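I opened the notebook to record what I looked up, one topic at a time.

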Amino acid sequence: MSIEQAIQISLVDFLASMGFHPAQVRGYKLWYLSPFRAESKPSFKVNVEMNLWYDFGEGVGGGIIPLAKRLFGTDDIAAILKRMETQPGIPVCAIPARPPSVKRKEEPTMKNIHSQPLTHHALADYLAKRCIPLEIGRSYCCEVHYEIHGKRYFALGFPNSSGGYELRNPYFKGCMGRKDITILKGEEVKELDTSCCHVFEGFFDFLSFRVLQAMGKLRLPSYGSTHYIILNSVNNLGKALREMTHIERIFTYLDNDQAGRKATETILGLYAPRTVDLSFMFEDHNDLNDYLLHLNAEAKKQ
């Protein structure tokens, strides 16, 4: 069995194969007596839609691989996958075959490209609608102007590690140049000899993280060096994984959709227990920006 096959297994089926069954069912959220300790009130939650678990007693959670590590008592991924393959009661899902490759439609060529500091009111309004203050947007984004088929356009530009840009405006989502991850260096505390990184799917998630920090909604321990990795696409996960090899603590904030959950599961499978999945903070929302929009809407009601 591969990791890709393992993460398709239902947590409910896996727990049942180990003798654990839900004590309460609340819609798509199932509550269990924790498999990690004796207790009389259920504190272990499984989100069936997301196929993720969270133990409120210990403040830990994740997908099936971290859970299997705990229940099987080993960090050996090969041994875990072998046992899961032979565990009675676990239906093994075959990996679907790749669809036949389809020739991609060629993207229109961008010409007469130039970037400048972010000043255009339309882009400032776009940031505001997504609850990103202009000063935070200006700290990480620029304004990119370009020409396609003789017509001029402009968009927010977020630079990646290959010299390209992720481009966004209210009507367009695309990339200029080579698609790649973005790595940003953050705070450094010379007194601490530790490292951490925060992993995001898109740059609006990263900008939202910065806003939430400024709002006091995110308080995390200090580390000697902090890095931020923005995937810019879950297809770039392999590149990001190489950057995480020697990081002591990894915090993930990937989207609460199928692609985001699978990417999170892969990171947890490779780098647990160094990884903390923080997507539970916005579990009722698709991503960090949706969560930020929700918080601002709630604040306006008060």
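**Entry 1: two helices in contact.** I began with the residues that join helix H7 to helix H10 in this predicted model. On the H7 side I listed Phe204, Asp205, Ser208, Phe209, Val211 and Leu212. On the H10 side I listed Leu288, Asn289, Tyr291, Leu292 and Leu295. Sorted by class, the residues of this contact are 8 nonpolar, 2 polar and 1 charged.

Next I looked up the geometry. Two packed helices are described by the angle between their axes and the distance between the axes. H7 covers residues 203–214 and H10 covers residues 288–301. Their axes come within 8 Å and cross at roughly 40°. An angle of 65 to 115 degrees would count as roughly perpendicular and one under 35 as roughly parallel, so I wrote down H7 and H10 as oblique to each other. I also noted that the crossing of H7 and H10 is left-handed.

Entry 2: At what angle do H3 and H4 pack? I found about 90°, with the axes 10 Å apart. Helix H3 is residues 64–72, and helix H4 is residues 77–86. The angle makes H3 roughly perpendicular to H4. From H3, the contact uses Ile64, Ile65, Ala68, Lys69 and Phe72. From H4, Ile77, Ile80, Leu81, Arg83 and Met84 take part. I counted the classes as 8 nonpolar, no polar and 2 charged residues for the contact of H3 with H4.

**Entry 3: Met18.** I looked for Met18 and found it in the loop between helix H2 (11–17) and strand S1. I then checked Met18 against Ile90, which is 72 residues away in sequence. C-alpha to C-alpha, Met18 and Ile90 are 9.5 Å apart.

**Entry 4: the sheet of five strands.** I traced an open sheet of 5 strands in the order S1-S2-S3-S4-S5, with antiparallel pairing. The edges are strand S1 (24–26) and strand S5 (60–62). Each edge strand has a single partner strand, so one side of each has no neighbour in the sheet. From one strand to the next, the twist averages 15°.

I followed the pairing strand by strand. S1 is joined to strand S2 (residues 29–32) by 3 bridges. Gln24 stands opposite Trp31 in S2. The hairpin of S1 and S2 has 2 residues between the strands, and Gly27 takes a positive phi near 65° there. S2 is joined to strand S3 (residues 44–47) by 4 bridges, again in the antiparallel sense. Tyr32 has Phe44 as its bridge partner in S3.

**Entry 5: strand S12.** How many residues of S12 are buried? I found 6 of the 6 residues buried in S12 (residues 195–200), so this strand is largely enclosed by the rest of the structure. Ser195, Cys197 and Val199 point one way. Cys196, His198 and Phe200 point the other way. S12 pairs with S13 in the parallel sense, over 6 bridges. Val199 stands opposite Ile229 in S13.

**Entry 6: positive phi.** Most residues other than glycine have a negative phi, and most peptide bonds are trans. I looked up two residues with a positive value. His149 has a phi near 50° and sits in the loop between strand S7 (142–148) and strand S8 (151–159). At 72% relative accessibility, His149 counts as exposed. Asn232 has a phi near 65° and lies in the loop between strand S13 (225–230) and helix H8 (237–243). With a relative accessible area of 7%, Asn232 is buried.

Terms used. Residues are numbered from 1 along each chain as its sequence is written. This is a predicted model: local features need pLDDT of at least 70, side-chain atom pairs count only at pLDDT 80 or more; totals for chains, interfaces and linings use all residues. Side-chain values use heavy atoms; hydrogens and water are left out. Axes are lines fitted to C-alpha atoms, for helices over the stretch in contact, and angles run from 0 to 180 degrees between N-to-C directions. Angles under 35 degrees count as roughly parallel, over 145 as roughly antiparallel, 65 to 115 as roughly perpendicular and the rest as oblique. A crossing is left-handed if the near helix is turned anticlockwise from the far one by less than a right angle, and right-handed if clockwise. Contact means heavy atoms within 4.5 Å. Ala, Val, Leu, Ile, Met, Phe, Trp, Tyr, Cys and Pro count as nonpolar, Asp, Glu, Lys and Arg as charged, and the others, Gly among them, as polar. Two strands pair if DSSP finds at least two bridges between them. Buried means under 20% relative accessible area, exposed over 50%, partly exposed in between (1.4 Å probe, protein chains only).
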